[in-house]
Amino acid sequence: MAAMQKQSVVGKDVPFERIRRITGYLVGTMDKWNDAKKAEERDRVKHL
Amino acid sequence: MIQSVIKRDGRIVAYDQSKIVAAIMKSLEAAGEEDAAEATRVATRATRHLEMNCGEHAPEIEQIQDAVETALMDTGHDAAAKQYILYRANRTRIREANTSLMKTIDEITNVDARISDMKRDNANIDGNTAMGSMLQIGTAGAKAYNAAYLLRPEQAKAHAEGDIHIHDFDFYSLTTTCCQIDIIRLFHGGFSTGHGFLREPNSIGSYAALAAIAIQSNQNDQHGGQSIPNFDYGMAEGVRKTFARHYIKKLTEIIEDTLFTENEAELADSAVNAARQQLDQEPRLDTNAAEFDQLVAQALVQSGKLDSETAKRVVATARRRAYQQTDRDTYQAMEGFVHNLNTMHSRAGAQTPFSSINYGTDTTPEGRMVIRNILLAEDAGLGHGETPIFPIHIFKVKEGINYNEQDPNYDLFKLSMKVSAKRLFPNYVFLDAPFNLQYYVPGRPETEVATMGCRTRVMGNTYDPTRQISYSRGNLSFTSINLPRIALLAQKDEALFYKKLDEMMELVAQQLLDRFEIQASKRVYNYPFLMGQGVWLDSDNLGPADEVREVLKHGTLSIGFIGLAETLTALYGHHHGESDEMQAKGLEIVSHMRAFCDKKSEELKMNFSLLATPAEGLSGRFTRIDQKRFGTIPGVTDREYYTNSFHIPVWYPITAYDKIQKEGPYHSLTNAGHISYVELDGDTANNLEAFESVVRCMHDSGVGYGSINHPVDRDPVCGYVGVIGDVCPRCGRRSGEALSPEKLAELRKKYPSVPTFCGCE
């Protein structure tokens, strides 16, 4: 059973998931990244 | 007359000169000047010195130690004094480690992971859960012990001060990094996980399940990422068995349906047996399919139950349905495998295993079925369409196999790019790059380069040049050098930079050898799966209590580096993305490091290799320390991180083509592993032509391993996967906003992938 409480609306406080690759691994959401990794991701520029 | 002493914790105890005599004796012994009478004489001198300095006050421990040092030097025992100072420094280190350990455990216990950077060091562990915290406390304890007891003082200093980073330091005394698990060899005859024996699998479903178990079991024996180098070749055996079984089963069913009878299993069996004996093979997807079917049909006609026309039709239908069923089973098996690797846990249940699978070159119909279905399963994602985090998929690109339009697996190469454009995997390893091609022998998949974890590559073998293969080998440990630090210390003096670099590489090589000594003196029973089940090369020749020293030498000791771009900027003013001149300088530095590794390998007949460090757990640490020490230097320490290995800085504007041209040459030098990334925006990634042109450019530019990054966002509420700015393009909500159940129901009519939530509908 999906853990969603009984409520009249759905998704309150549920953030978007943003999957990125850093240091070779994908991470499900950037919440668990350390600060330097977050900074590196923020600084990236596109190449095409 | 000294009566008492103040201890470090403030307690006052009686002064006891015999303790000082004992300490001096140890120092004299260590210096090879053992002499009891002399020890007493020096101790008395130290006591007198204290009496003069402290008067009536009780001395503190530090003052006593100062007095002993002075007394040793005054009496001409310089060597013993040096030993005493080292002993003292070491005690201080251990004491400080203890204090800082308690502080660390306090932080793990009391601070939320969202606030604590330390708790997010390994993004694969949730530092807010019980098992995650337990693992972090264990890690902290092991690190403190290892630094205090296992490192030489100069190594401990270099690690603590950020000259080097010893990776997976918590596992320093325990195990090695990673291994390419040859599942074909592992599965033959079955294997044991250490908790029970598993028979040789007999269907694609159990092949896939056991492959996940093999990765999980090995993850409990090693600290790095686990990998399967031959996923397609290995799983193909399972497909073969499944197809043979379905072929007979479907044949039985269709005969029964045709004759309106039951129990025709015997007839089907005997007909298939006739073909089996004639052709000496099981029913196969493709191999001798027409002959096989013809023989089966003949046998059915001979039974007198079916005429020739019907028999042919029955067999053809059986084959078609067996194919369909096998394909479905294979998809389900691959789907289960991906789900398993994202949900099963190892290491005290706190993290999913770091897993990789390599595939793409098996051109048999069974191998192709595996490749297609693993790609489709990855494409479909997890239960709510989430992008799978594990395993890392690595597609092996090879001319003549899958790279060109006329190649047998070209269709799968195309499919892989469609999937990668959506899911970020697969990555691409290029077997045609000269430094990979040199090992390649057609028809021997173990000579195909495979990668594991974030980029580890193990191929050449100085220890045993007859075994230059990817299977059953791995990295033993690796340590990275803070290259920008050396450049900053050299103060634009190139010769000084190289001198310091050589010193640092020597220090690291010694540290890797010290660590090897610990790893090598372990026994087979210390690695019950890796060695006990013969996963590691030649370990199947060892008994349970044998030392693993010799077989471990098939593995690599790797020296890594981070921040080539910042290094060049610190030394010469700009980096290799900015000029060809700097590119030449960069290649000079990295060639120099590679030559050092090659020389060490030859000298010691071991595998020293050069790693383009991924910076896991290291991202930020070096820079933080260097900012404090050197201040903010533009282009060097002015960001929160140093650039990954030899990469062009992520913030530097450059075209994909130029980036690949610049980074390609470094791949041939970094034989312990490397990867190049190209960043695309979401729309470009979905343009498959653009995507393919980037992959082909990598292939043609000597890149060994590469992948393409693009944003993959998902709204867990409406299930949308793609790029999401501030507002979700499907449901229109912002992050954290709620939707009404009515709105959800309406969306679900349009998009079947909208997740279902219990409790609100």
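Which residues in H16(B) and H19(B) meet? In this predicted model, B:Leu483, B:Pro484, B:Ala487, B:Leu488 and B:Ala490 of H16(B) are in contact with B:Leu564, B:Glu566, B:Thr567, B:Ala570 and B:Leu571 of H19(B). Two packed helices are described by the angle between their axes and the distance between the axes. For helix H16 (residues 483-490) and helix H19 (residues 564-572) of chain B, the axes come within 8 Å and cross at roughly 5 degrees. H16(B) is therefore roughly parallel to H19(B), since angles under 35 degrees are classed in this way.

A further helix of chain B, H6 (residues 153-161), has B:Gln155, B:Ala156 and B:Ala158 as buried residues. Around the axis these residues cover an arc of only 165 degrees, and they therefore lie on the same side of H6(B). B:Pro153, B:Glu154 and B:Glu161, by contrast, are exposed on the other side of H6(B). The packing partners of the buried residues of H6(B) are helix H4 (78-110), helix H5 (130-150), strand E3 (164-166) and helix H17 (494-520), which also belong to chain B. Just after H6(B), B:Gly162 adopts a positive phi of about 80 degrees.

Helix H24 of chain B (residues 688-700) was examined for its length and for the placement of its buried residues. The residues B:Phe691, B:Val694, B:Val695, B:Met698 and B:His699 of H24(B) are buried. When H24(B) is seen down its axis, the buried residues fall within an arc of 140 degrees and therefore line one face of the helix. H24(B) is followed by B:Gly702, for which phi is positive, near 75 degrees.

Chain A contains 48 residues, of which 35% are buried. Its secondary structure consists of one helix and two strands, and the order of these elements from the N terminus is β-β-α.

How values were computed:
Residues numbered from 1 in each chain as written. Chains lettered and ligands numbered in written order. Predicted model: local features only at pLDDT ≥ 70, side-chain atom pairs only at ≥ 80, totals over all residues. Helix = DSSP H or I, 4+ residues; strand = E, 2+ residues; numbered from the N terminus. Buried ≥ 20, exposed ≤ 12 C-beta atoms within 10 Å, placed from the backbone. Axes fitted to C-alpha atoms, helices over the stretch in contact; angles between N-to-C directions. Parallel < 35°, antiparallel > 145°, perpendicular 65-115°, else oblique. Contact = placed C-beta atoms within 7 Å. Expected span 1.5 Å × (residues − 1). Arc of directions from axis to C-beta.
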